[in-house]
Amino acid sequence: MMTTTISPNRPTPTNNAAAKNSTASSTTTIASLGVVSLLSACGGNNSMNENANNAIATSNPGMAGAPSMATLAPISDAEAARFLAQAGLGVTRALIQKVQSLGYSGWLDEQMAMPLSMSRWDWLVSKGMNDISLRNSQAGFDSCAWRKLLNSPDTLRQRVTLALSEILVISINGLVNGGGWKAFAAASYLDMLEANCFGNYRDLLQKVSTSSAMSLYLTFRGNTKYNPSTGALPDENYARELMQLFSIGLLQLHPDGTAVLRDGVEQETYTLDDITGLARVFTGWDFDLSSSNLSTPDYHRRPLKQVPSKHETGASSFLGETVPAGLSGEAALSMSLDIIFKHPNVAPFISRQLIQRLVTSNPSPAYVARVSSVFSSNNIGVKGDLKAVIKAIFLDDEARNTINITNPTFGKVREPIVRFLNWARAFNATSASDTWRVGDTSDAGTKLGQSPLRSPSVFNFFRPGYVPPNSAIANANLVAPEMQIVSESSVVGYINFMQNAVSGTRIAGDLIGDYNALLPLANNPQALVDELNLLLAANQIGNTNITSIKNAIASMPATNDRNRSQRIYAALTLILAAPEFIVLK
């Protein structure tokens, strides 16, 4: 992989937070190096775009092979760390040893068998966020979302839940006209994704389609049947996105995810008539207020219920099939989801997106085909088994083959949320007060430019097919989804946010990393940088950059624990900004 060498002679950006550091000018220089290296990795509209294009992560279109059984051979520290970077949210020495002990498949099995920890909903209640005075606020949501991502022991489940939340998208900011309690509606939605992320995708579609949060976000709550006197038609919003984004996509696909062509022309999967037909099914759905009213958030935890007088009882036709007249709303919904779920596009469409979110931006058609095959039929012939699909993604040779570490066209840009979590989990960042005051990190200029369940639209923070314009990526017919939220502002904002986070100053002293294991290494810059390279970048940062980082750290004093801590903070900032960390391979 091509990277940009970190040069100690680079100038310090005037807006870098390191300028505020009172300890030493060397720390300021170190932070500026991080900005330059991150611009090289992530691009933006600047003169370093060519280096950015060369560093972007995509997969080798020629890679093929059966799922890997690499657990037959001893797993090195770097191989285990690389696996955990894909399958989890952070790497520790203990997790590396666990992977080496159990093997890849065994570790996945153990993670999938872990019991669910305290739900986001229950945590909100435990903190008194269900007080009526908070009904019209979002109080507590960011904390309950970050708490799970940062602290829950089932790191695989949290990783997959995050991925699903970026496919089956809602945003807390779009939960309007729902009687309030947005924090609870959003928390319940994430809890539902978490509880079902290793279940069946058909069941998940059912739960999503009867979720109060989704009904508010895509506006089908209170949707009513056709009114012949006014000409008013059912709202089509959810019907459209259910097909376009959550199940079959816009274009007909082969099992390997490539588009079906007829006379060289791509074929659409559905028409406006199909949307109109399906929208009739999503009428008559509303909150279940049978056991509570809007004065408490409890209705957000229950599935929607049918109001028969508002439901369209006539026939509904879409995707070449018909839901017959006279069915109840519940029966019509179930039959409609069965029709959608049996569509041949579901397996490749969802499989490819999961691979993109977890392993590589441009999986080869062969990789997609193998995972899609598992999605279509697990080892007992069941379609939609997410547990089997997740294992197929991580155990596939294209994911595990270490040759791809040196392949400049494999991998993906780590989205900012994941970069932050990789640091926090690697060093057991905890909230002593159990308040997890990370907050809304959506601001790109000062924070991460991304925050859990705060996507700006139903199309996620970034589209799966995004191509940076006028780039080598575009010229190579590749995609780089996460690049859609990259700019010069977001690059500097990320560096500043992380520099302050690692030193414990960013989040009001509430989230503090544990560096006790690093302090004995601080007197030895090479040992310190090597340890961080393993835990954060699976030993993928090249010798040139490692040497530059080591020399920068060596220039800092180490006469006492305060000095040694400053070395650790500086080394972490530089590693977190290195192109080989930003690009997950």
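Visitor: At what angle do helix α20 and helix α23 pack?
Guide: This is a predicted model. In the model, helix α20 (residues 488–502) and helix α23 (residues 561–577) pack at an angle of about 145°, with their axes 9 Å apart.

Visitor: Left-handed or right-handed crossing, α20 past α23?
Guide: The crossing of α20 past α23 is right-handed.

Visitor: Which residues meet there, α20 to α23?
Guide: From α20, Tyr494, Ile495, Met498, Gln499 and Val502 take part. They meet Tyr569, Leu572, Thr573, Leu576 and Ala577 of α23.

Visitor: Step back a bit. How many helices and strands in the chain?
Guide: The chain has 24 helices and ten strands. Of its 585 residues, 58% are buried. Among contacts with a separation of 6 or more, 73% are between residues 24 or more positions apart.

Visitor: Now aromatics. How many aromatic pairs?
Guide: The count is 17 aromatic pairs. One of them joins Phe83 and Phe394, whose ring centres are 6.4 Å apart with the planes at 75°.

Visitor: Why is the Phe83 and Phe394 pair edge-to-face?
Guide: The planes stand at 75°, and over 60 degrees counts as edge-to-face.

Visitor: Where do Phe83 and Phe394 lie?
Guide: Phe83 is in helix α3 (residues 77–87) and Phe394 is in helix α16 (residues 386–395), so the pair ties together parts 311 residues apart in sequence.

Visitor: Phe83 and Phe394, buried or exposed?
Guide: Phe83 is buried, at 0% relative accessibility. Phe394 is buried too, with a relative accessible area of 0%.

Visitor: Which residues form one aromatic cluster with Phe83?
Guide: Tyr104, Trp107 and Phe394 are in that cluster with Phe83. Tyr104 also has the charged end of Arg400 over its ring, 5.0 Å from the centre.

Visitor: What lies over the face of Phe341?
Guide: Lys383 does, at 5.0 Å from the ring centre. Phe341 belongs to helix α13 (residues 329–341) and is among the buried residues of that helix.

Visitor: What else is buried in α13?
Guide: Gly329, Ala332, Leu333, Ser336, Leu337, Ile339 and Ile340 are also buried. The 13 residues of α13 reach 18 Å from first C-alpha to last, close to the 18 Å expected at 1.5 Å a residue.

Visitor: Moving on to α21. How many of its residues are buried?
Guide: Ten of the 13 residues in α21 are buried, so the helix is mostly covered. Those include Pro525, Leu528, Val529, Glu531 and Asn533.

Visitor: What do the buried residues of α21 pack against?
Guide: They pack against α3, α4 (93–113), α18 (416–426), α22, α23 and α24 (579–582).

Visitor: And the span of α21? What should it be?
Guide: At 1.5 Å a residue, helix α21 (residues 525–537) should span 18 Å, and its end C-alpha atoms are 17 Å apart, which agrees.

Visitor: What follows α21?
Guide: Ala538 does, and its phi is positive, near 50°.

Visitor: Where is Thr547 found?
Guide: Thr547 is in helix α22 (residues 543–554). At 36% relative accessibility, Thr547 is partly exposed.

Visitor: Last one. Ser351, buried or exposed?
Guide: Ser351 is buried, at 0% relative accessibility. Ser351 is in helix α14 (residues 346–358). Leaving out residues up to four places away in sequence, Ser351 touches Val346, Val371, Ser372 and Phe375.

Key:
Residues numbered from 1 in each chain as written. Predicted model: local features only at pLDDT ≥ 70, side-chain atom pairs only at ≥ 80, totals over all residues. Heavy atoms only, no water. Phe/Tyr/Trp six-rings, centres within 6.5 Å; stacked < 30°, edge-to-face > 60°. Helix = DSSP H or I, 4+ residues; strand = E, 2+ residues; numbered from the N terminus. Buried < 20%, exposed > 50% of the residue type's maximum accessible area, 1.4 Å probe, protein only. Lys NZ or Arg CZ within 6 Å of the ring centre and 35° of its normal. Expected span 1.5 Å × (residues − 1). Axes fitted to C-alpha atoms, helices over the stretch in contact; angles between N-to-C directions. Left-handed = near helix turned anticlockwise from the far one by under 90°. Contact = heavy atoms within 4.5 Å.
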